[in-house]
Amino acid sequence: MEQACFALPILTGKTDDARAFMRELGGPGKAQFATSEQRLGIIKESWFLQRTFQGDLFIVYIEGLDLGKSLKSFAESTEQFDQWFKDQVLDITGADLNNPPEKPLSELLFSYQA
């Protein structure tokens with residue numbers, strides 16, 4: 001099992017949009033989100049809102065068997081739901097998930113599990 005956690009800055013004035021996006025995923029878009037996650041091989045995904053003095057952030061945690069493959073498939077996906085999801089992230093954070101950075105977004109320094 002692979003895991004990743006990364007932060008995406010929320011653009012100024014977009015925090016309410018970020019909350020609305022997450023409500024959509026947990027409500028009307030829940031079935032489509034689950035279908036996308038299953039197709040991509042994502043087993044768990046959690047999105048948090050982190051408030052900081054420098055601005056708000058999305059903190060994203062994901063788990064899957066092959067996250068490199070999953071994230072590449074998502075970036076290349078032209079599925080309607082995936083495109084909508086990527087458009088929402090672009091509008092709220094400015095991050096283009098169609099063209100993710102080549103380097104990892106974060107570095108795991110320590111992990112504990114009982």
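This is a predicted model: local features need pLDDT of at least 70, side-chain atom pairs count only at pLDDT 80 or more; totals for chains, interfaces and linings use all residues.
1. On geometry, the axes of H3 (residues 67-76) and H4 come within 9 Å and cross at roughly 90 degrees. Angles of 65 to 115 degrees count as roughly perpendicular, so H3 is roughly perpendicular to H4.

2. H4 (residues 80-93) has another helix partner to look at: its axis and that of H2 (residues 30-40) come within 10 Å, crossing at roughly 100 degrees. That makes H2 roughly perpendicular to H4 as well. On the H2 side the contact uses Gln 32, Phe 33, Ser 36 and Arg 39, and on the H4 side Phe 81, Asp 82 and Phe 85. The class tally for H2 with H4 is three nonpolar, two polar and two charged residues.

3. Now H1 (residues 15-26). Its twelve residues should span 16 Å at 1.5 Å a residue, and the end C-alpha atoms sit 17 Å apart, so the two agree.

4. Which residues of H1 are buried? Thr 15, Ala 18, Phe 21 and Leu 25. They cover an arc of only 115 degrees around the axis, which means they lie on the same side of H1. Those buried residues pack against H2, strand S2 (42-52), strand S3 (55-64) and H4. Asp 16 and Arg 23 are exposed, on the face of H1 turned away from its buried side.

Note on methods:
Residues are numbered from 1 along each chain as its sequence is written. Side-chain values use heavy atoms; hydrogens and water are left out. Axes are lines fitted to C-alpha atoms, for helices over the stretch in contact, and angles run from 0 to 180 degrees between N-to-C directions. Helices (H or I, at least four residues) and strands (E, at least two) are DSSP runs, numbered from the N terminus. Angles under 35 degrees count as roughly parallel, over 145 as roughly antiparallel, 65 to 115 as roughly perpendicular and the rest as oblique. Contact means heavy atoms within 4.5 Å. Ala, Val, Leu, Ile, Met, Phe, Trp, Tyr, Cys and Pro count as nonpolar, Asp, Glu, Lys and Arg as charged, and the others, Gly among them, as polar. The expected span of a helix is 1.5 Å times one less than its number of residues. Buried means under 20% relative accessible area, exposed over 50%, partly exposed in between (1.4 Å probe, protein chains only). The arc is that of the directions from the helix axis to the C-beta atoms.
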